Amino acid sequence: MIRFSKLFFGFTVFVLLLWLLGLYVVSAALSFAQHFIMTGVSQKLSYSLRGRLAAKVHRLPMSYFDRVTYGDVDPLGQSLNQSLSQVVSSLATAVGVAVMMLSISWQMTLAALLILPLSGILMGLVVRKSQKYFVGQQRYMGELNGQVE
């Protein structure tokens with residue numbers, strides 16, 4: 001009887017490890033696919049923006065460039081690629097967490113959901129305060145990129 005339980009325990013651990021390995025492989029494949037797709041989308045958008053920007057720049061008089069610098073759309077494409085990936089990943093995580101929370105305890109899920117509006121308000125205050133610094137940083141980066149070119 002003791003040998004059977006040890007054998008059964010070893011088999012169960014082995015099966016669980018195989019499941020874990022399989023989940024890691026699936027997770028890695030889906031992560032690769034997500035990044036591949038998001039990179040393609042952001043590259044196409046950057047290409048489109050670059051073409052429209054070039055068409056507009058070519059219509060401007062040369063005197064305009066003596067007083068104004070213009071930047072590149074590559075930083076925008078990189079930010080878009082990173083942001084889109086994070087949004088998709090965060091949404092998938094939120095759905096998974098909600099399903100797991102509901103399966104464990106609907107009462108605790110309700111309590112957690114009631115706290116969300118307060119968290120949203122606090123986050124909005126922080127974003128509102130930091131937005132001017134973010135805009136200043138992006139403006140400075142645009143000027144710096146314009147000077148480099």
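Leaving aside residues up to four places away in sequence, Gln34 touches Ser85, Val88 and Ser89, contact here meaning heavy atoms within 4.5 Å. Gln34 sits in helix 1 (residues 2–59); helices are DSSP runs of H or I with at least four residues, strands are E runs of at least two, and both are numbered from the N terminus. With 17% relative accessibility, Gln34 counts as buried (under 20% relative accessible area, with exposed over 50% and partly exposed in between; 1.4 Å probe, protein chains only). This is a predicted model, in which local features need pLDDT of at least 70 and side-chain atom pairs count only at pLDDT 80 or more, while totals for chains, interfaces and linings use all residues. Residues are numbered from 1 along each chain as its sequence is written, and side-chain values use heavy atoms, with hydrogens and water left out.

On to the chain as a whole: there are 4 helices and 0 strands, running α-α-α-α from the N terminus. Among contacts with a separation of 6 or more, 72% come from residues 24 or more positions apart.

Helix 3 (residues 74–104) and helix 4 (residues 106–148) pack at about 175°, their axes 15 Å apart (axes are lines fitted to C-alpha atoms over the stretch in contact, and angles run from 0 to 180 degrees between N-to-C directions). The two are therefore roughly antiparallel, a label for angles over 145 degrees. Helix 3 brings Pro75, Met101, Leu102 and Ile104 to the contact, and helix 4 brings Trp106, Met108, Thr109, Ala112 and Asn145.

Note on methods
Angles under 35 degrees count as roughly parallel, over 145 as roughly antiparallel, 65 to 115 as roughly perpendicular and the rest as oblique.
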